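Here is a friendly walk through one protein model, from its overall build down to single residues. Keep the sequence and the 3D view open as you read.

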Amino acid sequence: MRSELMRDPLNIEQTSRTPAVVFDYPNNHLKLSGESYPEDVTEFYRPVFNALDEYLGSLGEGRCRFDFELIYLNSSSAKAVMMLMDKLEDAAKNGADVDVYWFYDNDDDTMQELGEEFGEELESAAFHLEKMAG
């Protein structure tokens, strides 16, 4: 049986249509950044959902942080992000200490408002709305 520290990290490189995905398991830091409007949202997010399910299943009452640093996402990707948030919320309800950070560009009211809407859905996970650096 593999220990949590031995788990292979999930690293998906950013493309012009898909975000970078970095799941740094040893540091319990998960991150999605860039633009998200893949041709097939289900195909792109399936391994992300599977990896998150596996990780959260072993997290127990541990602590994790998930950063969303998205510049743009289409409506299908917004649904996928909501599903990720639901999984994080469920883990928090089950005793995990979950921090969700939503970063937005200072001049992007749309992404700020979207972050606010996502944050309103979280009750057990801690939500942080932050401006992107720079």
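A residue is called buried when its relative accessible area is under 20%, exposed when over 50%, and partly exposed in between (1.4 Å probe, protein chains only). This is a predicted model, in which local features need pLDDT of at least 70 and side-chain atom pairs count only at pLDDT 80 or more, while totals for chains, interfaces and linings use all residues. Residues are numbered from 1 along each chain as its sequence is written, and side-chain values use heavy atoms, with hydrogens and water left out.

**The whole chain**

The protein chain holds three helices and six strands; these are DSSP runs numbered from the N terminus, with helices (H or I) of at least four residues and strands (E) of at least two. Their order along the sequence is β-β-β-α-β-α-β-α-β. With a radius of gyration of 14 Å, close to the 14 Å that the globule rule gives for 134 residues, the protein chain is as compact as a globular protein of that length. The radius is taken over C-alpha atoms, and the rule is 2.2 Å times the number of residues to the power 0.38. Of the 134 residues, 41% are buried.

**Two helices side by side**

The expected span in this table is 1.5 Å times one less than the number of residues in the helix.

| Helix | Residues in helix | First to last C-alpha | Expected span |
|---|---|---|---|
| α2 | 19 residues | 27 Å | 27 Å |
| α3 | 12 residues | 16 Å | 16 Å |

Which residues of α3 are buried? They are Met111, Leu114, Gly115, Phe118 and Gly119. These residues lie on the same side of α3, because they cover an arc of only 140° around the axis, the arc being that of the directions from the helix axis to the C-beta atoms. Thr110 and Glu120, on the other side of α3, are exposed. The buried residues of α3 pack against β4 (63-73), α2 (75-93), β5 (97-104) and β6 (126-131), where contact means heavy atoms within 4.5 Å. At the start of α3, the backbone nitrogen of threonine 110 has a side-chain oxygen of aspartate 108 within 3.2 Å.

As for α2, its buried residues include Ser77, Val81, Leu84 and Leu88, and the buried residues of α2 pack against β3, α1, β4, β5, α3 and β6. Serine 77 counts as buried because its relative accessibility is 0%. Leaving out residues up to four places away in sequence, serine 77 touches Ser36, Tyr37, Pro38, Val41 and Tyr45. Just after α2, glycine 95 adopts a positive phi of about 110°.

**The nonpolar core**

A nonpolar core is a set of buried Ala, Val, Leu, Ile, Met, Phe, Trp, Tyr and Cys residues joined through side-chain atoms within 4.5 Å. The largest one has 39 residues, and Phe23, Phe68 and Trp102 have the most contacts inside it. At least two residues of this core come from each of β2 (20-24), β3 (29-36), α1 (41-59), β4, α2, β5 and α3. The most come from α1, which gives 10 residues. Beyond its neighbours within four places in sequence, phenylalanine 23 is in contact with residues including Pro9, Leu30, Val48, Leu52 and Phe66.

**After the last strand**

Methionine 132 lies in the segment after β6. Its relative accessibility is 25%, so methionine 132 counts as partly exposed. Among the residues that methionine 132 touches, not counting those up to four places away in sequence, are Glu69, Ile71, Phe103 and Asp105. Methionine 132 and isoleucine 71 are 61 residues apart along the chain, with 10.0 Å between their C-alpha atoms.

Notes:
Polar contact = N/O pair within 3.5 Å; in protein donor to acceptor, adjacent residues only side chain to side chain.
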